[in-house]
Amino acid sequence: MKLLVVEDEIQLADALSEILRRNMYSVDTVYDGIQGLDNALTGVYNCIVLDIMLPGMNGLDVLRNLRAEKISTPVLLLTARSEIDDKINGLDCGADDYLTKPFVTGELLARIRALTRRKGEVRDDNRFEFNGVLLHKNTCSISCGENDVKLSLKEYQIMELLIANPRQILTKERIIEKIWGYESDVDYNNIEVYISFLRKKLSIISAPVQIKTARRMGYSIDSIEK
Ligand code: CA
C-alpha cells in the first residue's frame, strides 16, 4: 500500500510518515500543496493524507484539482481547525474523511485502513492469502501450514502487490512505482534481487505457489501445478 502525506509542518509530516512506514505502508512525504498535487496526479497512491493549510496551494484546491482530473484516490483531510465550515468544504470538494489535529495515531491508522479497504470487500485487512499462502502484516511474515518466515519490509510490500493481483503480470516499472515511488531511481536489478529472496523464502515454507518471470516484462504469482 502506498500513501502520500502532504503536510507543511515538517516535524509532524516526518513523524507521521515514520509511523506509517512502521505500519508497513510505503510513504512519499511532501511539504507544500503544489508538490502534493504533482505527486497526487500520478494516481499511484492508495490513500492521500492532505493538510488543509499549506504553502503554494491549499489542501482544498489540491483536492479540487485532483477530482477535476478524475483521480479518485481516497483523501483524508487534516485540519488544525475544528470549524464545521472547513469540514463541509472539504467533503464538498471530494474528501473521503477528515481528522482534526491534534489526533491520536490509532485513529489515523484506523481511518486509513477504512479508506483503503476496497469497496464491497470484507476481509481481514492485516492478512492476504493466495492458494494457502498467508501474508501477515502484523508480523511482517509469510506462512504456509506450520511453516513461516519473516520478510523484510520491501519483500513484504512486493509480496503484497503480487498476492493482491494473482496471476497477473506486474511490470518492473509498476513495482518500482508502487513501492519505491514515482521518481525513484531504483534499478531493475534491485527488484530481481528481492524476487530471488522471495523465491527462497517461498521454498523455505514449502509454499505451493511460485513467482513466475515473464521475460522482459515482469513477474506474476501463480500456483504450482502438482
Ligand atoms: Ca499546515
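**The calcium site and the salt bridges**

Mentor: Gladly! Keep in mind that this is a predicted model. Let's begin with the metal: the calcium ion has Asp8 (OD), Asp51 (OD) and Met53 (O) as its protein donors, at 2.1 to 2.3 Å. Along the chain, these donors follow the spacing D-x42-D-x1-M. Asp8 sits in the loop between β1 and α1, while Met53 sits in the loop between β3 and α3, 45 residues apart.

Trainee: How exposed are Asp8 and Met53?

Mentor: Asp8 is partly exposed, because its relative accessible area is 29%. Met53 reaches 53%, so Met53 counts as exposed.

Trainee: Now for charges. How many salt bridges are there?

Mentor: Here is the general idea: side chains of opposite charge can pair when their charged atoms come close. In this model the count is 13 salt bridges. One of them joins Lys2 and Asp28, with N to O at 3.3 Å. Lys2 belongs to strand β1 and Asp28 to strand β2, so this pair ties together parts 26 residues apart in sequence.

Trainee: Are Lys2 and Asp28 buried or exposed?

Mentor: Both are buried. Another salt bridge pairs Glu7 with Lys101, at 2.9 Å from N to O. Since Glu7 is in the loop between β1 and α1 and Lys101 is in the loop between β5 and α5, that pair ties together parts 94 residues apart in sequence. Glu7 is buried, at 0% relative accessibility, and Lys101 is buried at 12%.

Trainee: And which helices hold Lys201 and Glu155?

Mentor: Those two form a salt bridge, with their closest N and O atoms 2.8 Å apart. Lys201 lies in helix α8 and Glu155 in helix α6.

How values were computed:
Residues are numbered from 1 along each chain as its sequence is written. This is a predicted model: local features need pLDDT of at least 70, side-chain atom pairs count only at pLDDT 80 or more; totals for chains, interfaces and linings use all residues. Side-chain values use heavy atoms; hydrogens and water are left out. Donors are N, O and S atoms within 2.8 Å of the metal (3.2 Å for Na, K and Ca); water is not among the atoms, so sites may look incomplete. Helices (H or I, at least four residues) and strands (E, at least two) are DSSP runs, numbered from the N terminus. Buried means under 20% relative accessible area, exposed over 50%, partly exposed in between (1.4 Å probe, protein chains only). A salt bridge is a side-chain nitrogen of Lys or Arg within 4 Å of a carboxyl oxygen of Asp or Glu.
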